[in-house]
Amino acid sequence: MKNLVYKEFRLAAHPTNYIFLSLAFMLLIPNYPYLVSFFYTTLGIFFMCLSSRENHDLDYSLNLPVRKRDLVGARILTVCIFELLTIVATIPFAVLRCTILNVSANQAGSMPSLAFYGIAFLYFGIFNLTFFTAYYKSPKKSAGILPCRAHSDF
Amino acid sequence: MSSALGFLIVAIDVVLSHAPVVKDVFLTTDGIHLAAKLVILFAGIIFGAGLTALSYKKGANSFEKYDL
């Protein structure tokens, strides 16, 4: 499993997975729905699965002497690491927003407090369930699972 | 589907931060309502981890049946 996760980070991870970590700074935007900063992480995960399909990552991975179940586990574990990294990356900005920049309450959603992070964990859980359930039913047709149009609207 | 649910959760977050009874929990950042915030945090962690475990189980079962 450790080697498969390493493979995911070296070969399957899309550059946007790392770039979108920097969007943690969005917690400094006044009067903004801060959960959107986590939304970009899910967009990066979608890109990772999309690029895996284009690079025939699953075809090559299935040639490895591992169980199919382990491939799924490695992908989901990698995604969980990216999600946790996102949450960790937002913490300094949340502290800044709640202390030095705490000039007014957020008018477009909750402030980045402990309750906010509870909702963020729930958000990632619901995303993982809906996305990966649909993705692994037909990995070659991942484009329809998460419409890019919806993200461009944001 | 995933993005639609994402929008829904963002919308619920916005509504909760304006709801009369619970808005103080979501809009305050100091120690006020700490117990409620901790309950929401741990409930989120538990449900998030549970849903992720379920996604692994369902995803693995689907992928086992899928023939590339």
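This is a predicted model: local features need pLDDT of at least 70, side-chain atom pairs count only at pLDDT 80 or more; totals for chains, interfaces and linings use all residues.
Buried area is the accessible area, taken with a 1.4 Å probe, that two parts lose on being put together, summed over both.

Between chain B and chain A, the buried area comes to about 4,100 Å². Carbon and sulfur atoms account for 74% of that area. As for who takes part, chain A brings 50 residues to the contact and chain B brings 40.

On chain B, the side that touches chain A draws at least two residues from each of α1 (2-16), α2 (23-27) and α3 (34-65). The top contributor there is α3(B), with 21 residues. Sort the residues on that side of chain B by type and you get 22 nonpolar, 14 polar and four charged.

Next, hop over to chain A and pick out A:Ser52, which lies in helix α3 (residues 36-54) of that chain. Is A:Ser52 buried or exposed? With a relative accessible area of 4%, A:Ser52 falls under the 20% cut-off, so it counts as buried. A polar atom of the A:Ser52 side chain lies 2.9 Å from the backbone oxygen of A:Met48. Leaving aside residues up to four places away in sequence, A:Ser52 touches A:Ala12, A:Asp57, A:Leu58, A:Arg75 and A:Tyr135.

Key:
Residues are numbered from 1 along each chain as its sequence is written. Chains are lettered from A and ligands numbered from 1 in the order in which they are written. Side-chain values use heavy atoms; hydrogens and water are left out. Contact means heavy atoms within 4.5 Å. Helices (H or I, at least four residues) and strands (E, at least two) are DSSP runs, numbered from the N terminus. Ala, Val, Leu, Ile, Met, Phe, Trp, Tyr, Cys and Pro count as nonpolar, Asp, Glu, Lys and Arg as charged, and the others, Gly among them, as polar. Buried means under 20% relative accessible area, exposed over 50%, partly exposed in between (1.4 Å probe, protein chains only). A polar contact is a pair of N or O atoms within 3.5 Å; within protein, one must be able to donate a hydrogen and the other to accept it, and residues adjacent in sequence count only if both atoms are side-chain atoms.
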